[in-house]
Amino acid sequence: GIVLVAINPYEQLPIYEQDVIYAYSGQNMGDMDPHIFAVAEEAYKQMARDEKNQSIIVSGESGAGKTVSAKYAMRFFATVGGSASETNIEAKVLASSPIMEAIGNAKTTRNDNSSRFGKYIQIGFDKRYHIIGANMRTYLLEKSRVVFQAEDERNYHIFYQLCASASLPEFKELALSK
């Protein structure tokens with residue numbers, strides 16, 4: 001298959017904006033510079049042409065930008081599907097990421113927002129190739145972080161968010177007080 005090596009620049013670059021999505025949409029692999037949008041476009045075209053499921057595997061070390069790359073691929077699919085005016089499924093799929101990050105991400109010595117679990121995201125498309133839903137599964141959850149963190153690392157973000165919200169009335173029944 002196709003392999004793309006991406007490097008996390010640790011800053012926002014203008015190479016992931018809407019106009020870049022449209023530039024890669026409809027292009028053949030290799031016609032433009034290597035990019036996550038080129039990989040997403042190739043998978044999207046093969047899905048439509050061959051009517052077969054496609055997979056994009058995003059792999060790398062902690063802090064390599066795997067989660068961000070997956071978000072960019074999902075944004076590409078939501079944009080090229082052109083169904084945003086018909087449904088808000090795309091927005092829901094993209095909006096679920098911050099919730100997943102709170103539950104499964106933590107500060108590590110290499111990354112302030114490091115995903116501590118693997119994700120399998122299955123995106124469903126209709127016959128017009130518009131996103132109609134998604135299913136996200138997690139695996140290999142780093143359970144040790146719940147009871148121990150290395151020096152300069154933190155527990156999962158949700159722990160600190162719950163602690164900060166402990167005084168809110170809706171959280172009283174959770175008995176989060178000291």
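1. Of the 178 residues of the protein chain in this predicted model, 31% count as buried. The secondary structure comes to 5 helices and 4 strands, and from the N terminus on the elements run α-α-α-α-β-β-β-β-α. Among the contacts in the chain with a separation of 6 or more, 51% are made by residues 24 or more positions apart.

2. A search of the whole structure for cavities of 30 Å³ or more returns 1, and the space in the largest cavity comes to about 50 Å³. Its lining is made up of Tyr24, Gln27, Asn28, Met29, Met32, Asp33, Ala38 and Glu41; sorted by class, this lining has 4 nonpolar, 2 polar and 2 charged residues.

3. The second largest pocket has a volume of about 490 Å³, and of the 22 residues that line this pocket, Ile2, Leu4, Val39, Ile56 and Ile57 are the closest to its centre. By class, the lining of the second largest pocket divides into 12 nonpolar, 8 polar and 2 charged residues. Helix H2, which spans 36-50, and helix H3 each supply at least two residues of this lining, and H2 gives the most, with 5 residues.

4. An unreviewed UniProt entry places the feature "binding site" at Gly60, Glu61, Ser62, Gly63, Ala64, Gly65, Lys66 and Thr67. From this set, Gly60, Ala64, Gly65 and Lys66 belong to the lining of the second largest pocket. The annotation comes from that record, and it should be kept apart from what is computed on the coordinates.

5. Lys66 has its place in helix H3, which covers residues 66-80. Leaving aside its neighbours within four places in sequence, Lys66 is in contact with Val58, Ser59, Gly60 and Glu61, and its side chain reaches the backbone oxygen of Gly60 at 3.1 Å. Is Lys66 buried, exposed or partly exposed? Its relative accessibility is 27%, and therefore Lys66 counts as partly exposed, since that value falls between the limits of 20% and 50%.

6. Thr67 also lies in helix H3. Not counting residues up to four places away in sequence, Thr67 touches Ser97, Glu101, Ser115 and Lys119.

7. When residues up to four places away in sequence are not counted, Thr79 touches Gln18, Ile21 and Tyr22.

8. Val20 is placed in helix H1, residues 18-24, and at 16% relative accessibility Val20 counts as buried. Its contacts, not counting residues up to four places away in sequence, are with Pro14, Ile15, His35 and Phe37. Val20 and Phe76 are 56 residues apart along the chain, while their C-alpha atoms are separated by 9.6 Å.

9. Two backbone angles deserve a second look, because most residues other than glycine have a negative phi. Glu51, which is not a glycine, has a positive phi of about 55°; Glu51 lies in the loop between H2 and H3, and at 66% relative accessibility this residue counts as exposed. For Tyr129, likewise a residue other than glycine, phi is positive and near 65°. Tyr129 sits in the loop between strand S3 (118-125) and strand S4 (131-139), and with a relative accessible area of 23% Tyr129 is partly exposed.

Conventions:
Residues are numbered from 1 along each chain as its sequence is written. This is a predicted model: local features need pLDDT of at least 70, side-chain atom pairs count only at pLDDT 80 or more; totals for chains, interfaces and linings use all residues. Side-chain values use heavy atoms; hydrogens and water are left out. On a 1 Å grid over the protein atoms alone, a cavity is a set of points where a 1.4 Å probe fits but cannot get out, and a pocket is an open set with protein on both sides within 12 Å along at least five of seven lines; lining residues have an atom within 4 Å of a point. Grid points are joined across faces, edges and corners, and a volume is the space filled by probe spheres set on the points. Ala, Val, Leu, Ile, Met, Phe, Trp, Tyr, Cys and Pro count as nonpolar, Asp, Glu, Lys and Arg as charged, and the others, Gly among them, as polar. UniProt positions are given in the numbering used here, feature names are shortened, and annotations may be inferred rather than shown by experiment. Buried means under 20% relative accessible area, exposed over 50%, partly exposed in between (1.4 Å probe, protein chains only). Contact means heavy atoms within 4.5 Å. A polar contact is a pair of N or O atoms within 3.5 Å; within protein, one must be able to donate a hydrogen and the other to accept it, and residues adjacent in sequence count only if both atoms are side-chain atoms.
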